[in-house]
Amino acid sequence: MDKNGLALEPVIKRVQVGRSIDDAFFLFTRDMGSWWPLETHSIAVDTHERKVVAKGIIFDPNAGGHIYESMSDGTHATWGEVLVWEPPDRVAFTWKPNLSDGPHTKIEVRFTIVAGGTEVELEHRGWEHFGDDAAARRKDYDAGWPGVLKMFADAADHRRA
C-alpha cells in the first residue's frame with residue numbers, strides 16, 4: 001500500500017530477444033554482469049565515491065544462492081537471494097542492489113518461447129514494504145527497467161550476430 005492506502009501493482013516489463021530460451025535464461029542470470037550497467041547501477045557507484053568500481057555480478061545458479069557484486073578492492077556486496085531456480089523457464093530472487101536501510105523487493109523473470117526467439121517477462125513487486133516511499137520507488141523502477149532490459153536485449157542480439 002502507498003501512503004494513501006492504495007495497493008501498488010507490480011512493475012511488469014517485457015522484452016523479446018532473438019535467442020533460444022536456454023541462451024536467454026543463462027544470459028539474464030549467469031552472465032548478468034556482461035550486460036548490466038554496473039557503471040551507473042551498482043553498490044560501488046552508490047557508496048564508494050568512485051574509489052572502488054564494480055567488476056562483475058555473480059549469480060549463484062540455484063535456489064538459496066546469492067546475487068552479489070564483486071568490486072575492484074576484492075570485496076563483494078549482496079544484491080539478493082535466489083528464491084526459485086527453474087531453468088530455462090523461471091527465476092525469482094530478492095532484490096536490493098544497494099546498502100541503504102530498507103527492505104528487499106522481489107523479482108520474478110519468466111522466459112517463454114515465441115516465434116523468432118524468447119520473450120522475457122520481468123515482474124518486480126514488494127513496494128508495500130516501503131511505506132511512504134512506496135509509490136516513488138515503484139515509479140523509479142517502472143521508469144528504469146525498460147532501459148536495463150534494452151541493454152539485456154542489445155547484448156542478446158549482439159552475441160547472436
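Analyst: Two strands pair if DSSP finds at least two bridges between them. Strands (E, at least two residues) and helices (H or I, at least four) are DSSP runs, numbered from the N terminus. This is a predicted model: local features need pLDDT of at least 70, side-chain atom pairs count only at pLDDT 80 or more, and totals for chains, interfaces and linings use all residues. Residues are numbered from 1 along each chain as its sequence is written, and side-chain values use heavy atoms, leaving out hydrogens and water.

Start with the sheet. It is open, has seven strands and pairs antiparallel, in the order β1-β7-β6-β5-β4-β3-β2. β1 (11-17) and β2 stand at the edges with a single partner strand each, so one side of each has no neighbour in the sheet. From one strand to the next, the twist averages 20°. β1 and β7 (residues 117-125) run antiparallel and are joined by seven bridges. Here Val17 stands opposite Thr118 in β7.

Helix α1 (residues 21-28) packs on this sheet. Contact means heavy atoms within 4.5 Å. α1 touches β1, β4 (76-86), β5, β6 (105-114) and β7, and its direction makes about 160° with that of β6. Such angles run from 0 to 180 degrees between N-to-C directions, with axes fitted to C-alpha atoms, for helices over the stretch in contact.

Now the aromatic rings. Rings of Phe, Tyr and Trp (its six-membered ring) pair if their centres lie within 6.5 Å; planes under 30 degrees apart are stacked, over 60 edge-to-face, the rest tilted. That rule gives 19 aromatic pairs. Phe59 and Phe93 have ring centres 5.6 Å apart and planes at 90°, so they are edge-to-face. Phe59 lies in β2 and Phe93 in β5 (residues 90-95), so the pair ties together parts 34 residues apart in sequence. Phe93 is buried, at 1% relative accessible area. Buried means under 20%, exposed over 50%, partly exposed in between (1.4 Å probe, protein chains only). Trp95 and Trp145 form a tilted pair, 6.0 Å centre to centre with 40° between the planes. Trp95 is in β5 and Trp145 in helix α3, so this pair links parts 50 residues apart in sequence.

Last, the core. A nonpolar core joins buried Ala, Val, Leu, Ile, Met, Phe, Trp, Tyr and Cys residues through side-chain atoms within 4.5 Å. The largest has 43 residues, and Phe28 and Trp36 have the most contacts inside it. Its largest share, eight residues, comes from α3 (residues 134-160). Beyond four places in sequence, Phe28 touches residues including Phe93, Phe111 and Leu149.
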